[in-house]
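I opened this entry to record what I looked up and by which rules. The notes follow in the order I made them.

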Amino acid sequence: MLMEKIMKVNECELILEISGMGCKSCVSKIEKAFNALSIVEKSCVDFELKKLTLIGNIEKQQAISLIEELGYHAQTFNRANTEISIAEKSTTSLKKSSNCCCSSASKADEIIIAKISEPEGQKLAQASPLNQKNEQQKSKTTELIIEGATCASCVGKIETALSEINGVNSAEMNFALRTVSISGDVESYVLIKAIETIGYKARSASDISDDELLDEKEVADKKYYTSLMRQMWVALGLGVPLMIYSLFGGPMTVETSLERGVWLFIGILCVAIMYFAGKHFYIGAWKSFANHTANMDTLIALGTGTAWIYSMIVVFFPLALPEMARHVYFEATAMIIGLINLGLALEVKARGRISEAIKRLIGLQAKTARVVRDQQEIDIAIDQVLLNDIVRVRPGEKIPVDGVVIQGHTSIDESMLTGEPMPVEKVENDEIVAGTLNKSGSILFKATKVGKDTALAQIINMVKRAQNSKPPIGRLADIISAYFVPVVMIISIVSALVWLNFGPSPALAYAVVSATTVLIIACPCALGLATPMSVMVGVGKAAEAGVLIRNGEALQTASKITAMILDKTGTITEGAPTVTDIIIADKSYTKKYILMVAASIESGSEHPLAQAIVDSAIEQKIVPETISDFQAIAGHGVEAQFNDHKLLFGNQKLMLKNGVVLFDFVAKAQKLANEAKTPMYLAIDNKLAAIIAVSDPIKKDSVEAIKRLQANGIRVVMLTGDNRATANAVAKKVGITEVFAEVLPEEKSNKVAELQAQGEIVGMTGDGINDAPALALANVGFAIGTGTDVAIESADITLMRGSLHGLADAIAVSKATLRNIKQNLFGAFIYNVAGVPFAAGILYPFFGLLLSPVIAGAAMAFSSLTVVSNANRLRFFKPQEH
Amino acid sequence: MLIINLIGLGLIALIVWWFWLYKPQSTQVSDEHNISEITVVIEDGIYQPANISLLENKTLNIKFIRKDESPCAATVLFPDLEISADLPLNKEFSVQLPAMKKGEYAFHCQMKMYNGSVVVK
């Protein structure tokens, strides 16, 4: 006989002890039976402990009865017996595993029971060999947040899965917080994978959030800036006095013993400066060299090193050199190090401003959320919010995660994401998005997307990815960058050899100066920075305007668009049509009956026009009836049977095809079409019964946005499956002269190809599933963010709001960015193409001009700063001229 | 002068060989828990190791530890895989690469001054 005792871990959890199970198939039989009940959320059977855990609202007696019906016996869980049983098992088979969802005989169960029945259980847990091992080994602890753990018995499954990983010393889950703490030297992704394998989701609690990453970056950049400025002052502390001395005619040569002593002292001071202020260049150069690569450090180290070594040779062996070549260049070494550190410091500052847009997006994320757990509202960190958590948001607070409103109504400001200034009303069952602002009411909502799955997190991710992608225009700079430094080194050697072979006296001094100057003036950084800096600002600017650009290629191509195809429904129009007219042709039918028949036909369709008819019927409390033999005829309409009557509902082509006589109703339909309405004929038993007209209002700013596109010289074309007369009427209203009407869904991409064949660079804008192939084929596909996911996935650019101004904004930003990139690339190319030969002394034979290495250092330091500053100008660009 | 010219030409040849013709050996990634992983330290202007080799159709977890303060080192790009990451200073940051086909996949900083490659064999 088993004792009856009930134990509730929480209000909706029931644990029962089962007897009579012979094999593990009994487990699935019992679980299946309970899972089929709507009042049971989850059931788990632990075969070895003979334990059934039920989550839901089932009563104990109900559960016992069901088990009896299945041929087993049940009673409430006996804690005392289980503790003994677990204590025995814990010393023998802690690592034994089970395929059961509530794994048994494991350390995991030991811990659950230990928590429930402390202090005895706790002692048992502490006495286990695993814990002894734990105490002996000091290893790192990893904290993971678990999703999908609905019952306390899931704890066992998770802990067992983790404990079985080599290197894990212990795993303890806190069910209330849904966190698990793992001790052992195992990487978090290995742990996460193990948890995912058994059907749960996990993420690291220590994952660095975008916000933290940004803060850390700012602190690190500030520290780096301070350190560079300090190094700059140290280097210029010696370089500037020497430079002034030289400029005022002070001899920089070694003639006397006193001069040798003084210059030797300065040379040693210079070494100290090279160490304190330029160490990073030399270490970087050496490591790159050892790694068979070369970078900016290589050029600076070689340039300053050559100047210093030559100067020291002059100091130590002046007599070995011709008299005119006994010139020292210590000021060049110190000045170059100082100026380049200054340039780098200013670049760090300027770069900080480049990522302003992404900072603003990241700043939209709320830090905490107020969730309802155990019937209490508690404030928790945003990363602790779990899927399906009920979240409270009060007026003035940010929406912390994506979700669906379940209680209350409010207005939400979505302008930060969509650029749409008007707040949007939200009631029950409406979706809300993280990062937007609750303006008025207090609401409760259910979290549907958390962490990195929220729309805001994905937008941030997309913007970051796009910011780091390069448009094709940057590829040439990339190729050049890859060969640049070694090529400059070769030019430097060639220059020195030319001076030594053909140069005037002192040829050696000229050779040293030209070789050093070539190395110093060349600036691979300006080339490398030219494209990415502008892309970062441009993509960020677009995001601020509610335009998400997928990658650099889309950004570049958008600037070249010559023709833009706009889908009519949902793009130019609101996509929410309404029934405007019902014209009866056969007086034996009433308008109500016609609407009922039409709604019955269209109730299965998702097309916006069909939806308009169904909505209109529902508004008039007309209930659609069941129809049969429904058949959709692409480009024509539908055919169906209703109470032994044949129904035809669609356009003129469908009627003519079936021999329906239209009389003068063609003219009436034409009149409706001329008013930008879509007329549809309804025939019953091949006899015209009525015309139903549906109208889709044009978005209020479509006309203005289309004008903006046309003002940019873009050929705007409207594309629609609608009849020609309606299409022409809508086109006329919005100022479009070219229309592709009556286009079948599968023909949309053909129209894109048609324009491409005419030599146009085509942009296609759409929102529906059937637009996806055309969006993919177009040179740039634009999806309306309020449209379907399929359209968004197929598009290169997504407009986060419905307004077509987003198109003009996207093109304007893309043109401005490309212009900026071209300026940067031109500057960087010209600088290097002109600077390197000038430094090598190409002007010397004609004008006697040879550049000083110090001037080269200053030019080099400020060339990359110029590129970054020019990219920063884009921040002030305003795409919205409306 | 002849000797100086020969030294100069020799240096040029050395540059060509050292930076372009020499093929450095790549570091084979470890394969624990059936997941390939490797730690890449970013310090003093380079990725260490910079050349990584991996077997075909294996996912790769690269743990970047950025010790280089330069802002250029803060971003790593894998252009062929359309992956990029912002790397925190003095902290480990994992970048997961999908299973790749045979070939060479470059990774670099924004300016291409820090260069590395994943060679899939």
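I took strands and helices as DSSP runs numbered from the N terminus, with at least two residues of E for a strand and at least four of H or I for a helix. I let two strands pair if DSSP finds at least two bridges between them. The model is predicted, so I kept its limits in view: local features need pLDDT of at least 70, side-chain atom pairs count only at pLDDT 80 or more, and totals for chains, interfaces and linings use all residues. Residues are numbered from 1 along each chain as its sequence is written, chains are lettered from A and ligands numbered from 1 in the order in which they are written, and side-chain values use heavy atoms, with hydrogens and water left out.

**Sheet in chain A**

I looked up an open sheet of 3 strands in chain A and read its order as 14-13-16, with antiparallel pairing. Its edge strands are strand 14 (424-426) and strand 16 (437-438), each of which pairs on one side only. Strand 13 of chain A (residues 410-413) pairs with strand 14 over 3 bridges, in the antiparallel sense. For A:Thr410 I found A:Lys426 of strand 14 as the bridge partner.

**Contact between the chains**

I counted contact as heavy atoms within 4.5 Å. On that rule the contact takes 51 residues from chain A and 46 residues from chain B. For buried area I used the accessible area (1.4 Å probe) that two parts lose on being put together, summed over both. Chain A and chain B bury about 4400 Å² between them, and 64% of this is on carbon and sulfur atoms. In chain A, the residues that lose the most area to chain B are A:Tyr189, A:His292 and A:Asn468, together 17% of what that side buries.

I then turned to charged pairs. A salt bridge here is a side-chain nitrogen of Lys or Arg within 4 Å of a carboxyl oxygen of Asp or Glu. B:Lys91 forms one with A:Glu216, with the closest N and O atoms 2.4 Å apart. Helix 16 (475-502) is among the helices of chain A that each supply at least two residues of the side touching chain B. Helix 16 gives the most to that side, with 12 residues.

**Inside helix 18**

I noted a salt bridge between A:Lys541 and A:Glu544, whose closest N and O atoms are 3.5 Å apart. Both residues lie in helix 18 of chain A, 3 residues apart, about one turn of the helix. An α-helix has 3.6 residues a turn, so residues three or four places apart point the same way.

**Helix 30**

A:Gly841 follows helix 30, and its phi is positive, near 100°.

**Backbone exceptions**

Most residues other than glycine have a negative phi, and most peptide bonds are trans. I listed A:His292, not a glycine, with a positive phi of about 60°; A:His292 is in the loop between helix 10 and helix 11 (296-316) of chain A. A cis peptide bond joins A:Ser505 and A:Pro506, with omega about -10°. A:Pro506 is in the loop between helix 16 and helix 17 (507-521). In chain B, the peptide bond from B:Gln48 to B:Pro49 is cis, with omega near 0°.
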